[in-house]
Amino acid sequence: MSEIAAPRSSTRSRSLKGGGRNRSGQTNFELYSWLFMRLSGLALVVLVLGHLFVNLMLGGGITALDFAFVAGKWANPLWQVWDLLMLWLAMLHGTNGMRTIINDYAEKDQTRFWLKSLLITASIVIVVLGTLVIFTFDPCLDPSSTLSVCK
Amino acid sequence: MPSKPVGTLYRGHEGMWSWVAHRITGVGIFFFLLVHVLDTALVRVSPEAYNEVIGTYKNPIVGLMEVGLVGAILFHAFNGIRLILVDFWAKGPRNQRKLMIGVGVVWIVLFVPFVIRHLMHVFGGE
């Protein structure tokens, strides 16, 4: 069977080269990436819609959001784990989606390389920053905090 | 092979438009996510810095943009579930049109109450 290149991705096959190849000389990376989008997507529906419901629908919604609100939430390990999972899954899901879009629309190897370098750099910075914020958060920065740990 | 795609303009039906919308909402949500992690990171700077920046989210214009953001998230979420059903459910492809209608119904059922309550918060201050 002759191979027909998908529109706008004439050079796609090149990016599939790398370690751990199967018989046809390609890796299974794109298969795992496809599967990851579906699994992380399902988890994110629960994580993100739960996040939106609790922060925007309950109580005073957006008007109630401030430092004390965040401090109250992260005093509970459940919300720390929730936000950490959401951060990692959303960033991996979004970065992988952006990678797909770059592969689809950037035609030159060089353009693709620089766009993906920028994407991956930005994603690593955001994931590391977000993770540090969740783990090093100090609720007692607020002198009027009513949390028991600050008394 | 031509360097520029020639004659690839594809005018599909609702399937193509949901694909386009899934991409556009996905990119929009991704960029919001970058900003949202940065604004949340201000809790490590000081309560005042965080409260000041999060205060901009409470202004009416940004409040309306949040309506757009949540509309995009709800579409991306349930269109994503439709994609999963088309991929993994044996009857998914045959029922793809019904699934599309289902996405629209779930979107309206969740989005309309959200808009009402959120705009009450933004404009009513409560």
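Predicted model: local features only at pLDDT ≥ 70, side-chain atom pairs only at ≥ 80, totals over all residues.
Residues are numbered from 1 along each chain as its sequence is written, chains are lettered from A and ligands numbered from 1 in the order in which they are written, and side-chain values use heavy atoms, with hydrogens and water left out.

I next checked the partners of B:R23. Its side chain makes a polar contact with the side chain of A:D104 at 2.6 Å and another with that of A:Y105 at 3.0 Å (a pair of N or O atoms within 3.5 Å; within protein, one must be able to donate a hydrogen and the other to accept it, and residues adjacent in sequence count only if both atoms are side-chain atoms).

I then turned to the aromatic rings. I recorded 7 aromatic pairs over all chains (rings of Phe, Tyr and Trp, the last by its six-membered ring, with centres within 6.5 Å; planes under 30 degrees apart are stacked, over 60 edge-to-face, the rest tilted). One of them, A:W34 with B:F88, is tilted, at 5.4 Å centre to centre and 45° between the planes. I found A:W34 partly exposed at 33% relative accessible area, and B:F88 partly exposed at 47%.

I also looked at A:W74 and A:F137, which form an edge-to-face pair, 5.3 Å centre to centre and 80° between the planes. A:W74 counts as buried at 9% relative accessibility, and A:F137 counts as buried at 13%.

How values were computed:
Buried < 20%, exposed > 50% of the residue type's maximum accessible area, 1.4 Å probe, protein only.
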